[in-house]
Amino acid sequence: MTGPRDRLPERPEPGDTLPASRPSPETLELLALRRSAPAAVLGEPGPGPEDLRDLLTLAFRVPDHRKLGPWRALTITGEARHALGDLFAEARRLADPGAGEAELNVEKRRPLRAPAIIAIISSPVHDDPKRTPVWEQELSAGAVCQTLLIAACAMGWAATWITEAPAYDPLVRKALGVGDQEKIAGFIYLGSAMEPLQERPRPDADQKVRPWTGRAD
Ligand SMILES: Cc1cc2nc3c(=O)[nH]c(=O)nc-3n(C[C@H](O)[C@H](O)[C@H](O)COP(=O)(O)O)c2cc1C
């Protein structure tokens with residue numbers, strides 16, 4: 001064990017009976033108070049290989065229209081973070097020839113902000129809109145990212161969902177093996193919070209919600 005971690009319940013088999021709801025005040029508290037840790041606040045220790053496996057097992061339990069599994073993940077830890085930093089710097093150098101040493105160093109250090117990174121890649125299985133539209137497959141990848149944040153928090157890790165320019169950079173995409181139809185949904189940075197977090201402004205549900213009364217107005 002490399003840090004805070006709880007064992008998962010035994011994985012259910014397809015067809016096993018599961019409760020339709022599972023009242024959990026602890027889960028409500030987590031959802032009401034969870035927040036992302038800015039990357040600058042993340043530090044050691046981070047999740048080890050077993051933790052990452054558990055986290056992804058949970059994260060992949062997301063709604064997924066027609067059970068396509070239209071996502072995949074890359075784990076990036078240890079020395080590989082340095083290789084990723086070199087890649088980010090090279091990508092920046094090519095995209096922005098005016099970037100100086102200081103800017104390139106910022107890129108190099110990005111992946112070193114956390115002990116572990118999971119890249120979630122949206123990987124649509126087909127682009128036939130009559131079956132599951134790509135949009136729905138991409139939404140499912142977003143659900144993987146969010147579930148990962150929640151699972152990480154419940155296991156005692158701090159985490160944040162970041163894309164930054166590298167997620168869209170052609171050199172980075174190629175070096176990570178991201179195919180033409182694929183997208184990097186996010187880099188989830190994981191570690192331990194080095195300081196307490198502060199609440200950020202949140203939208204008010206009353207401002208965002210209104211009843212639909214039968215016509216658009
Ligand atoms: C798809 C996606 C990409 C994001 N990319 C970045 C990013 O590149 N840089 C950044 O500072 N925040 C980024 N964020 C926002 C962070 O995740 C931010 O910390 C988050 O909004 C905090 O929200 P929370 O406390 O509710 O988790 C991104 C969020 C999403 C959903």
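The numbering of residues starts from 1 along each chain as its sequence is written. Because this is a predicted model, local features need pLDDT of at least 70 and side-chain atom pairs count only at pLDDT 80 or more, while totals for chains, interfaces and linings use all residues.

View 1. Let us start with the overall picture. The chain has 7 helices and 5 strands; these are DSSP runs numbered from the N terminus, with helices being H or I of at least four residues and strands E of at least two. Taken along the principal axes, the C-alpha atoms fill a box of roughly 55 × 45 × 40 Å. Of the 217 residues, 27% count as buried, that is, with 20 or more other C-beta atoms within 10 Å of their own, where C-beta atoms are placed from the backbone (12 or fewer is exposed, and in between is partly exposed).

**View 2. The shell around the ligand.** Here you will find Arg35, Ser36, Thr160, Trp161, Ile162, Thr163, Glu164, Gly186 and Arg200 surrounding the ligand; a residue is near a molecule if its C-beta atom, placed from the backbone, lies within 6 Å of it. Strand β4 (residues 158-162) gives the most to this shell, with 3 residues. By class, the shell divides into 2 nonpolar, 4 polar and 3 charged residues. Ala, Val, Leu, Ile, Met, Phe, Trp, Tyr, Cys and Pro count as nonpolar, Asp, Glu, Lys and Arg as charged, and the others, Gly among them, as polar.

**View 3. Helix α2 packed with helix α5.** Helix α2 (residues 49-59) meets helix α5 (residues 134-155) at an angle of about 130°, with the axes 8 Å apart; axes are lines fitted to C-alpha atoms over the stretch in contact, and angles run from 0 to 180 degrees between N-to-C directions. That makes α2 oblique to α5, as angles under 35 degrees count as roughly parallel, over 145 as roughly antiparallel, 65 to 115 as roughly perpendicular and the rest as oblique. On the α2 side, Asp51, Leu55, Leu58 and Ala59 make the contact, and on the α5 side Val144, Thr147, Leu148, Ala151, Ala152 and Met155 (C-beta atoms, placed from the backbone, within 7 Å). This contact has 8 nonpolar, 1 polar and 1 charged residues.

**View 4. Tyr168 in its loop.** Look for Tyr168 in the loop between β4 and α6 (170-175). Tyr168 is partly exposed because 13 other C-beta atoms lie within 10 Å. From C-alpha to C-alpha, Tyr168 and His65 are 26 Å apart in space, and 103 residues separate them in sequence.

Notes. Two residues are in contact if their C-beta atoms, placed from the backbone, lie within 7 Å.
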